[in-house]
Amino acid sequence: MLEALTRPGIEHATSSDNQTPSRQPWRRAAPPPPPDVRVVGGWASPSVMRVCVALRLKGVAYEFLQEELGKKSGLLLASNPVHKKMPVLLHGGRPVCESLVIVEYVDETFAGSGRRILPADPYDRAVHRFWAEYADAKVKSRSAAISVGNRIRGLVTDLPLPTALRTLMGMIGGDKAEAAEQLEEAFAACSKGRGFFAGDDVGFLDIVLGSYVGWFRAAEQITGKPVLDEARTPRLAAWAARFCAHEAVGDLMPDAGRLVEFGEALRAALAANATQP
Ligand SMILES: N[C@@H](CCC(=O)N[C@@H](CS)C(=O)NCC(=O)O)C(=O)O
């Protein structure tokens, strides 16, 4: 600890300095300590958004470390050497990976502040986790992605794709209508007539499914077909609007037009990387 405080290049005021500050004018003020909570991610990523919404629900201040388009920083690779994916939560310098794991970690670690994210009842928790995994699996379904790959100009679908593009393609193709109807039923059962899956306020399943709403809208722009159809899934359509308007979400929800541009820019960046020797 002492070593950390006195390492070269960083000057820290000692207690005696505090008593006689004017005698050592060459000393700079100590830099602020690094923030305790940092999120490594990108603005367009649904998985990253989950973490930010969870931290906001808990009222936990955090620093956002934006990754560069199509690249992975040394910090990301060092913090998530297994999957090499965002998000990573750095809490006191220690990494936590996988968005669902992180949301649960935030809920438990900051249990004393903000509102509860996972349901208190173990059975309800199991139900919400089940539907969260279902939603993730359906949105990211690779077979759906392959079947519609040619709808996005120039995309080579037999390559492993970044999740952003798989998400977009997954929303466009495959049997999403059935999944949306299943989730419509799940919403009715979980919300019990209230505004969110978790009841009166946003909770775990709201965060997981809600993080895709921007991408749903991007897919709608490309195809002209609604993903959450007001006629077929009216409860989910209304819930999506409520989720976007929630104070913990607001500006974190990416604009659909920007996401479409992002998809194109990412595709171009990947193609450029692929042609490099
Ligand atoms: N299951 C992971 C998925 C993480 C993930 O796929 N992250 C994407 C951004 S949404 C990513 O880092 N993509 C870069 C890549 O696939 O190389 C989670 O929920 O955290």
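**View 1. In this predicted model, four strands form an open sheet in the order β2-β1-β3-β4, with mixed pairing.** The strands at the edges are β2 (63-66) and β4 (94-97), each of which pairs on one side only. From one strand to the next, the twist averages 25 degrees.

**View 2. Strands β1 and β3 pair within the sheet, and helices lie against it.** Strand β1 (residues 37-41) runs antiparallel to strand β3 (residues 88-91), and the two are joined over 4 bridges; Arg 38 stands opposite Leu 90 in β3. Helix α3 (residues 46-58) packs on the sheet, where it touches β1 and β3, and its direction makes about 160 degrees with that of β1. Helix α5 lies across β3 and β4, and runs at about 120 degrees to β4.

**View 3. Ser 113 sits in the loop between α5 (99-109) and α6 (122-139).** With 10 other C-beta atoms within 10 Å, Ser 113 counts as exposed. Leaving aside residues up to four places away in sequence, Ser 113 touches Lys 58 and Gly 59. The C-alpha atom of Ser 113 is separated by 8.3 Å from that of Val 60, although these two residues are 53 residues apart along the chain.

**View 4. Helices α9 (residues 176-191) and α12 (residues 234-245) have axes that come within 8 Å and cross at roughly 75 degrees.** On the α9 side, Ala 180, Leu 183, Glu 184, Phe 187 and Ala 188 take part in the contact, meeting Arg 235, Leu 236 and Trp 239 in α12. The residues of this contact divide into 6 nonpolar and 2 charged, with no polar ones.

Conventions: Residues are numbered from 1 along each chain as its sequence is written. This is a predicted model: local features need pLDDT of at least 70, side-chain atom pairs count only at pLDDT 80 or more; totals for chains, interfaces and linings use all residues. Axes are lines fitted to C-alpha atoms, for helices over the stretch in contact, and angles run from 0 to 180 degrees between N-to-C directions. Two residues are in contact if their C-beta atoms, placed from the backbone, lie within 7 Å. Ala, Val, Leu, Ile, Met, Phe, Trp, Tyr, Cys and Pro count as nonpolar, Asp, Glu, Lys and Arg as charged, and the others, Gly among them, as polar. A residue is buried if 20 or more other C-beta atoms lie within 10 Å of its own, exposed if 12 or fewer, and partly exposed in between; C-beta atoms are placed from the backbone. Two strands pair if DSSP finds at least two bridges between them.
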